[in-house]
Every structure is written in C-alpha cells, then in structure tokens.
Amino acid sequence: MPRIWKEEWKTYKAVFDQFSERNLHKLISNGTIDGLDSPLSIGKEANIFTAKRGDETVVVKMYRVSNCDFNRMYDYLKYDPRFEVKRSSRQIVFAWAQREYRNLLLARDANVAVPVPYAILYNILVMGCIFTGNQVAQKLMNDQPKNPKKFFDELLGEMKKMRQAGLAHGDLSPFNILNADQHPVIIDWSAGTTKDNSNYEEYWQRDIKNVCTYFKKIGIKADEEKVKAVILAQGFCFT
Ligand SMILES: Nc1ncnc2c1ncn2[C@@H]1O[C@H](COP(=O)(O)OP(=O)(O)O)[C@@H](O)[C@H]1O
Ligand SMILES: [Mg+2]
C-alpha cells in the first residue's frame, strides 16, 4: 500500500467498507486513478472524493453497499427496462451506480453539460471534476447565478437536449446542478431514465417543476407550462 494511500485510509476509514476499499485499490492498480485527494461530500447514498488522475483532478463517487435506502432505489429501478434487478441490496447498489454511469454516457452523447464518465467498478464511479476557476464548482443551491435569466435559459437548452435524447434526470433540482463559471452542469444521474420507462413523463414533469420552483424563488418568471412548451418546441427560442 503506498504511503499516501495509507494515510488517507486512516483518515477516511470510517466511511469505507472492505468491499469499496478493495475496489478502490483495483482502480489505483489499473491506473484509473492515482489516489484519493480529499472528501467532497458525504451524502445519503454515496461518499464522494476528489482524486488525481495524472495531472487531472477527478471525482470518485462511492455508493455505500450498506446503510442505503435500498427500497427507494429498487422502486426507481424496477420500471427501468435497461436493468433487471434482483431484490438483493448489493445488486441494487451496483445497478444504481451503473445507471448513473450509463445516463452520463447518454447525456454526453446528446451534448448535455455533464461530467465526463471515466469508469465504473461495481459501486464506484469515476468522473471528471467540474470547476469554477480553480475551485471545485458548487451546487446552484450554494452558489446562486449572477445572471439568473441567462443561467435559466442555458439550463432550458440543456433540458431540451435531454428531452430530444429521451432522457429524464429524475432528481433535477438546485442540489444537482453545479454552477460552473456561471454555466450549468448537471450531476447525480442515478435516478435518470430513458423514455421507454413507463414513468418517464412523470419524472420529466417533476424535473421541470423543481427547476421552476427554484428559479421563481430567485426572481425568474418560470412558468411550468411555458417551460414545457419551450422544451418541446423545435429550435432554440427561449422565454
Ligand atoms: N463531478 C463533480 N464535480 C464537482 N463536484 C461534484 C461532482 N460530483 C459530485 N460533486 C459534489 O458532491 C456533491 C454530491 O454529489 P451528488 O452526485 O449529487 O451525490 P448525492 O447522491 O450525495 O446527492 C455535489 O453536490 C457536489 O458538491
Ligand atoms: Mg445530489
């Protein structure tokens, strides 16, 4: 075990399980990452760290294989025809992480502003780190846009590309949109789904509702029905 890794391990031991530790080692030995840097977020489902990958800083998102709301995850997954998941907590977490990775690939193909997905290994996802200047970007909730109208219009552009690609995020809100130098980047895609999911329209509408609720609070006339019409319309004429 390299020295730096040993020190990190001591610091973060409390948030790793043995399974995740083994897989982190695999990602280090196969050259996906050089080692962890520092914790970014300890969330409900995942522990998130920055890591080094050569000269680049990347993000390592480790879904927990215990202490998760497996029932909620299963309820989301069972309508997604891309995944056939047994009701085992491990299988559910792997599918959940896999789904975030696959959604990131689809979003990227559709030219949506998302982190670059680099690798997935069971419960561990490695992706590009989003920056604002030389600082890690903050979520919109903690870093309000300087020009809300401009940011909102850009976000609608992203949502339009998602709709055209048949993608719904499923949990789109100011918590899962980063403010990257005053441009939106959409993260946290594990609840995302494609249009062959029977709940697609419901998720799509909920995404719009949550986005509008936030932008109304910061002074934008974000009418849900108008936003839907804008997203569904051909071309790029905004509000
Ligand atoms: N690719 C990324 N670049 C920069 N920060 C990130 C990235 N992914 C996650 N984060 C940070 O980690 C936090 C939690 O990530 P998220 O994917 O939303 O997980 P959770 O399931 O815990 O909500 C985000 O709010 C953000 O601050
Ligand atoms: Mg989140």
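Helices are DSSP runs of H or I of at least four residues, numbered from the N terminus. In the predicted model described here, one such run is helix α4, which spans residues 89–109 and contains A97. The relative accessibility of A97 is 0%, so the residue counts as buried, the cut-off being under 20%. Beyond the neighbours within four places in sequence, A97 is in contact with Y63, I120, Y122 and N123. For one of these residues, Y122, the C-alpha atom is separated from that of A97 by 7.2 Å, with the two positions 25 residues apart along the chain.

An open sheet is formed by 3 strands in the order β8-β10-β11, with antiparallel pairing. Its edge strands are β8 (138–139) and β11 (183–186), each of which pairs on one side only. Strand β10 covers residues 177–180 and is joined to the antiparallel β11 by 4 bridges. Within this pair of strands, N179 stands opposite P184 of β11. Helix α5, made up of residues 148–164, packs on the sheet and touches both β10 and β11. The direction of helix α5 makes about 35 degrees with that of β11. In general, the strands of a sheet pair through backbone hydrogen bonds, in either a parallel or an antiparallel manner.

The magnesium ion (ligand 2) is coordinated by two residues, N176 through OD1 and D188 through OD, at 2.1 to 2.2 Å. N176 belongs to the loop between β9 (167–168) and β10, and D188 to the loop between β11 and β12 (193–194); the pair therefore ties together parts that are 12 residues apart in sequence.

Cysteine residues were considered last. A disulfide is, in general, a covalent bond between the sulfur atoms of two cysteines. A search of the whole structure finds 0 disulfides. C129 has a relative accessible area of 11% and is therefore buried. C212 is likewise buried, with a relative accessible area of 0%.

Note on methods. Residues numbered from 1 in each chain as written. Chains lettered and ligands numbered in written order. Predicted model: local features only at pLDDT ≥ 70, side-chain atom pairs only at ≥ 80, totals over all residues. Heavy atoms only, no water. Pairing = 2+ DSSP bridges. Helix = DSSP H or I, 4+ residues; strand = E, 2+ residues; numbered from the N terminus. Contact = heavy atoms within 4.5 Å. Axes fitted to C-alpha atoms, helices over the stretch in contact; angles between N-to-C directions. Buried < 20%, exposed > 50% of the residue type's maximum accessible area, 1.4 Å probe, protein only. Donors = N, O, S within 2.8 Å, 3.2 Å for Na, K, Ca; no water. Disulfide = S-S within 2.5 Å.
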